[in-house]
Amino acid sequence: MELTVLRDLSVLWCLVHILILFMLLYRSRYSQKKTLILTTAAMTPVIIVNVTGLMLLGTDRMGRLFFLTCTLPSLFFFYYMSRDRRGRFLFTFCLSDTVAYWIIIVTNLLDHYIGGGYYILMFAGRLVLFPLLEWWAYRKLRRPYLELQDSVGKGWNVFAGMAALYYLLLVAMANFPEIIIRRPQEMPAFVLVLILMPMTYATIFTAMYRQLLLYRRQKNDSVYLEVRQQMEALLANQKHIHRLKHDMKAHIITLSGLMSSDRVEEARTYLEKLLPDHDTSGEYYCSNPYINAVLGHYVMKFDELGVGLRLDIQTGDEILPHMELCQILSNGLENAYEESRSMGKEQKVSVQVRYNKGWLLVRIKNKCREGMHVEKGSFPGTHKKEPGHGLGLRTIQEAAGSLGGDMSCYTEEGYFILDVMVRGG
């Protein structure tokens with residue numbers, strides 16, 4: 001009886017850690033807090049039902065019912081919760097379930113053939129392997145995998161189909177027409193399937209990693225081009241200022257000559273004609289030349305759309321991290337610009353930049369399309385079909401994180417709001 005308790009506890013341990021593994025890899029459309037609350041509320045009854053069924057019906061019958069009592073309910077629930085759809089979601093779900101089921105089967109076979117069927121080896125193996133798997137997933141897999149979901153637009157349906165077939169193959173071979181340990185003649189083929197599965201996933205992730213490297217290269221090229229454009233705009237602005245200084249010297253000489261000859265009226269007339277031609281108030285937004293260059297670039301872009309860009313820039317002569325700051329402003333304004341192109345002149349866009357007690361606060365606010373809803377702590381899904389579109393928010397988050405800050409975006413009263421806070425010096 002005590003040994004059976006080890007078996008039941010190991011199954012409970014497996015079900016809980018399958019959830020943990022999946023939640024490390026998938027992207028919920030809700031905030032982290034709400035996701036945890038809903039997942040706990042929905043999956044706790046599922047776990048209780050399956051553990052109770054195992055205690056009452058035994059491993060043979062529950063092994064056949066597990067797909068109906070656990071896999072399908074969790075599939076429907078997490079599909080509702082997930083921000084991703086179709087291939088992306090299905091591959092993540094099948095990956096988590098297949099890897100976890102692989103550990104369950106292997107520990108079961110080792111316990112049967114080596115541990116004498118006392119469940120001690122099964123329990124110890126699962127007790128160690130699942131935390132190791134989660135540690136590896138969190139430290140090595142999670143970040144590049146989330147990046148893959150953002151960057152790779154094609155191929156997910158094929159990978160999802162392969163993962164689903166592998167899961168169904170393992171379930172069928174392990175349990176039908178009866179459990180595999182009672183069909184020793186089929187054990188060699190089953191072992192080959194168990195060996196082939198990790199090799200197949202290694203091939204899938206190798207292909208995905210190559211796509212990720214290609215995406216990173218394209219992203220670096222895009223950042224380089226963006227910085228180059230900003231520096232060119234800054235250089236053009238500096239040349240313009242230098243030309244104004246040169247011209248102003250000639251104007252001062254002319255005005256000085258008029259004033260020394262007591263020709264006051266001629267000097268006033270000359271000055272009135274001079275001021276409109278050299279009014280640079282529309283080109284100067286703050287004392288930071290890098291922020292100025294970015295804002296000047298996007299003011300012109302929004303003007304071409306007929307959309308006014310309302311600016312509230314409150315910075316002085318602080319030394320600011322211009323590379324990351326240019327990335328944050330450029331990507332945030334580019335997202336607002338893309339939204340403006342689809343909405344037309346009814347769009348309203350505002351930018352606030354404030355420096356306060358060593359922190360730089362940036363807020364970009366624009367009207368969003370009808371029906372768009374983003375909670376704090378989550379990312380909006382892109383409504384564009386082009387691969388890689390809408391990745392600016394991830395870039396902003398990385399730039400803010402590198403400066404010891406953070407980013408938050410959400411929708412409120414028909415507006416999409418992007419808030420970024422970073423250390424100023």
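Is Cys368 buried or exposed? Cys368 is buried, at a relative accessible area of 9%, where buried means under 20% relative accessible area, exposed over 50% and partly exposed in between (1.4 Å probe, protein chains only). The model is predicted, so local features need pLDDT of at least 70 and side-chain atom pairs count only at pLDDT 80 or more, while totals for chains, interfaces and linings use all residues. Residues are numbered from 1 along each chain as its sequence is written, and side-chain values use heavy atoms, with hydrogens and water left out.

**Cysteines**

- A disulfide is a covalent bond between the sulfur atoms of two cysteines.
- With a disulfide taken as a pair of cysteine sulfur atoms within 2.5 Å, the count is zero.
- Cys70 has 11% relative accessibility and therefore counts as buried.

- Helices (H or I, at least four residues) and strands (E, at least two) are DSSP runs, numbered from the N terminus; two strands pair if DSSP finds at least two bridges between them.
- Strand β1 (residues 309-314) runs parallel to strand β2 (residues 349-356), and six bridges join them.
- Leu311 has Val351 in β2 as its bridge partner.
- Strand β3 (residues 359-367) is antiparallel to β2, with eight bridges in the pairing.
- Arg354 has Leu361 in β3 as its bridge partner.
- Two residues lie between the strands in the hairpin of β2 and β3, where Lys357 takes a positive phi near 55°.

**Salt bridges**

- The structure holds seven salt bridges, each defined as a side-chain nitrogen of Lys or Arg within 4 Å of a carboxyl oxygen of Asp or Glu.
- One of them joins Arg27 to Asp84, with 2.5 Å between the closest N and O atoms.
- This pair links distant parts of the chain, 57 residues apart: Arg27 is in the loop between α1 and α2, and Asp84 is in the loop between α2 and α3.
- Both ends are buried: Arg27 has a relative accessible area of 8%, and Asp84 has 7% relative accessibility.
- Glu186 and Arg183 meet through their side chains in another salt bridge, at 2.4 Å from N to O.
- Here Glu186 is partly exposed at 30% relative accessibility, whereas Arg183 is buried at 3%.
- Arg354 also forms a salt bridge, with Asp312, the closest N and O atoms being 3.1 Å apart.
- Because Arg354 lies in strand β2 and Asp312 in strand β1, this pair ties together parts that are 42 residues apart in sequence.
- Arg354 is partly exposed, with a relative accessible area of 36%.

**Aromatic pairs**

- Rings of Phe, Tyr and Trp (its six-membered ring) pair if their centres lie within 6.5 Å; planes under 30 degrees apart count as stacked, over 60 as edge-to-face and the rest as tilted.
- The count by this rule is 19 aromatic pairs.
- Tyr30 and Tyr80 have ring centres 6.3 Å apart and planes at 45°, so they make a tilted pair.
- Tyr30 sits in the loop between α1 and α2 (32-81) and Tyr80 in helix α2, so that the pair links distant parts of the chain, 50 residues apart.
- Tyr30 is buried at 12% relative accessibility, while Tyr80 is partly exposed at 46%.
- Phe91 and Phe159 form another tilted pair, 6.2 Å centre to centre with 50° between the planes.
- Phe91 belongs to helix α3 (residues 86-113) and Phe159 to helix α5 (residues 156-175), distant parts of the chain that lie 68 residues apart.
- Phe91 is buried with a relative accessible area of 0%, and Phe159 is buried with 14%.
- One aromatic cluster is formed by Phe22, Tyr26, Phe77, Phe78, Tyr79, Phe89 and Phe93.

- Val5, Leu9, Leu12, Val16 and Ile20 make a nonpolar surface patch of about 340 Å².
- Patches are made of residues with over 30% relative accessible area and no salt bridge; like charges are joined within 9 Å, and nonpolar side chains (Val, Leu, Ile, Met, Phe, Trp, Tyr) within 5 Å.
- Accessible areas come from the Shrake-Rupley method with a 1.4 Å probe, and for residues only the protein chains shown count as cover.
- Leu9 is in helix α1 (residues 2-25) and is partly exposed, with a relative accessible area of 41%.
- Ser28 is in the loop between α1 and α2 and is buried at 13% relative accessibility.
- Ser28 and Met81 are 5.6 Å apart in space, C-alpha to C-alpha, and 53 residues apart in sequence.
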